[in-house]
Amino acid sequence: MSEDAKSHSEGYSDSADLDVIVDALKVLAHPVRLRILQWLRDPRAEFPIEQGIADPDEYGVCIKQITDKVGLAQSTVSAFMRALEREGLVTSTRIGKWTHYKRDEKRIAEIRSQVATLL
């Protein structure tokens, strides 16, 4: 980031806060991660719920269902989900041998608000 950009961004908040927003935006910049996050907004409409082993509203969607829908290797999808979780955009719950993911609406709203304030 240029010094000029840094000085403008620091008017918004300290650089640690800005780094948090930038990290979240980097995760969201990947089209597949963004698509997964969009799908998780309405899991009953986007995933075959009858194939799930848990309530998607309470626990989220099984990684297997996400992997099947996205059509990529499970290791790749797992890495995508870890990145989303690291930034607080999703939460995970382990049920048996499967991990289920659910959007963290509170964190997503915070990021949305921070970006609006920054821009």
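Reply: Happy to. Two strands pair if DSSP finds at least two bridges between them; helices (H or I, at least four residues) and strands (E, at least two) are DSSP runs, numbered from the N terminus. Here six bridges join strand E2 (residues 90–95) to E3, and the two run antiparallel. This is a predicted model, in which local features need pLDDT of at least 70, side-chain atom pairs count only at pLDDT 80 or more, and totals for chains, interfaces and linings use all residues. Residues are numbered from 1 along each chain as its sequence is written, and side-chain values use heavy atoms, with hydrogens and water left out.

Me: Thanks! What sits between E2 and E3?
Reply: The two strands form a hairpin with two residues between them, and glycine 96 in the turn has a positive phi of about 65°.

Me: Which residue of E3 is the bridge partner of serine 92?
Reply: That is tyrosine 101.

Me: Zooming out, how many helices and strands does the protein chain have?
Reply: Seven helices and three strands. From the N terminus on, their order is α-α-α-α-β-α-α-β-β-α.

Me: Now arginine 103: buried or exposed?
Reply: Arginine 103 is buried, with a relative accessible area of 10%. The cut-offs are under 20% for buried, over 50% for exposed and partly exposed in between (1.4 Å probe, protein chains only). Arginine 103 lies in strand E3 (residues 98–103).

Me: And what does the side chain of arginine 103 make a polar contact with?
Reply: The side chain of glutamate 105, at 2.6 Å. A polar contact is a pair of N or O atoms within 3.5 Å; within protein, one must be able to donate a hydrogen and the other to accept it, and residues adjacent in sequence count only if both atoms are side-chain atoms. The backbone oxygen of leucine 37 also lies 2.9 Å from a polar atom of the arginine 103 side chain.

Me: Switching to helix H7, which residues are buried there?
Reply: In H7, Arg107, Ile108, Ile111 and Val115 are buried. Seen down the axis of H7, the buried residues fall within an arc of 100°, so they line one face of the helix. That arc is of the directions from the helix axis to the C-beta atoms.

Me: Which exposed residues are on the face of H7 turned away from its buried side?
Reply: Lys106, Ala116 and Thr117.

Me: Last one: what caps the N-terminal end of H7?
Reply: Aspartate 104 does, with a side-chain oxygen 3.2 Å from the backbone nitrogen of lysine 106.
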